[in-house]
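Here are some notes to read alongside the model, arranged as numbered points.

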Amino acid sequence: MSTDAVPVFKLYGETHHWPTPDLLHWESIPERSRLHDWKIQPHRHTDLLHLLHLSAGRVSLELEGSQRSHEAPLIIVVPAMSIHGFHFSPDTQGHIITLASPLAERLEERLGAQAGAMSLATAYPLDAARPARRIATLVDQLGEEYRYPAPGREHILEAFTEALFIELSRLTVRQTNAGSARAPRPQGRGLTHLQNYQALIEKQFRQQPSIEKFAEQLGMTSAHLNLLCRRLANRSALQLLHERLLLEAKRQLTYTNMTVGQVADSLGFSEPAYFTRFFKRLTGLAPRDFRRRQPEA
């Protein structure tokens, strides 16, 4: 299958936008998969990383061109841009944890050499009792914190996620020692350029540079950058920048007491009115109306 023909989704098997101001999304596998007859067609994400933990059942997994069946207990890592599809058995139990790219990049920086587990698209059979218990406990604790928010929630969610990747890095070492680890596939130049653009967005979105400035930093024309973004992410370069601005705006409106004017200023808008129009155009709500609809954080 051509990479260009693979649909780009915004969440697990869906095309609509990231549904939460959080940088992490947690849900059960049956909750979503039942709606699709337990089958998620091959797709990819430009800016999301998946962790799937199966505690029961089995899955026919398509991952980066290879197809294999796996029995639970199992944990699967799907980095951004990896083509993946699932066909679960109806008795499958487990959870999927999705990380938005800002959180994934933050964890990569903190994990250092152990961050390799985040970029390797693979499935880890949990056939040793102790790692299986530790990983299952971390997934359950993360889910409990996600569903029942309390003060310090974001820090605890990140801590549990970081611990999960440390456990995965240990599994990677075991697989390497056993000679069964699969090396990451080399990326095409286009994907590398897109990831470099996303990294620049993460560093500079508050200043809102022009697309021409971004393209100059990447050593290409703005037309070429737009072509890459549309081909690989199904959005323009400006849309990708706006999506990151919108995510941060939602987070600040939900989790801080900043005024709308302060949020606008922190995100590089010269006037609160410009920010309000931007926010309403992308969400259908004025910032104050969006804030009123959020539960107590």
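1. The model is a predicted one, and the remarks below should be read with that in mind. The chain holds 11 helices and 9 strands, and of its 297 residues 51% count as buried. Among the contacts in the chain with a separation of 6 or more, 72% are accounted for by residues 24 or more positions apart.

2. Ser 169 has its place in helix α4, which covers residues 153–177. With a relative accessible area of 8%, Ser 169 is buried, because that value lies under the 20% below which a residue is counted as buried. A polar atom of the Ser 169 side chain lies 2.7 Å from the backbone oxygen of Ile 166. Leaving aside residues up to four places away in sequence, Ser 169 touches Gln 114 and Ala 117.

3. The axes of helix α7 (residues 222–233) and of α8 come within 7 Å and cross at roughly 70°. The two helices, α7 and α8, are therefore roughly perpendicular to each other, since angles of 65 to 115 degrees are classed in that way. On the α7 side the residues that meet α8 are Leu 225, Asn 226, Cys 229, Arg 230 and Ala 233, and their counterparts in α8 are Ala 237, Leu 238, Gln 239 and Leu 240.

4. Helix α10 takes in residues 272–283, which makes 12 residues, and from its first C-alpha to its last it reaches 16 Å, close to the 16 Å expected at 1.5 Å a residue. Directly after α10 comes Gly 284, whose phi is positive, near 80°.

5. Which residues of α10 are buried? They include Phe 275, Phe 278 and Phe 279. Seen down the axis of α10, the buried residues fall within an arc of 95°, so they line one face of the helix. In an α-helix there are 3.6 residues a turn, so residues three or four places apart point the same way.

6. The buried residues of α10 are covered by elements that include α8 (237–255), α9 (260–266) and α11 (287–293). On the face of α10 turned away from its buried side, Arg 277 and Arg 281 are exposed.

Conventions. Residues numbered from 1 in each chain as written. Heavy atoms only, no water. Helix = DSSP H or I, 4+ residues; strand = E, 2+ residues; numbered from the N terminus. Buried < 20%, exposed > 50% of the residue type's maximum accessible area, 1.4 Å probe, protein only. Polar contact = N/O pair within 3.5 Å; in protein donor to acceptor, adjacent residues only side chain to side chain. Contact = heavy atoms within 4.5 Å. Expected span 1.5 Å × (residues − 1). Arc of directions from axis to C-beta. Axes fitted to C-alpha atoms, helices over the stretch in contact; angles between N-to-C directions. Parallel < 35°, antiparallel > 145°, perpendicular 65-115°, else oblique.
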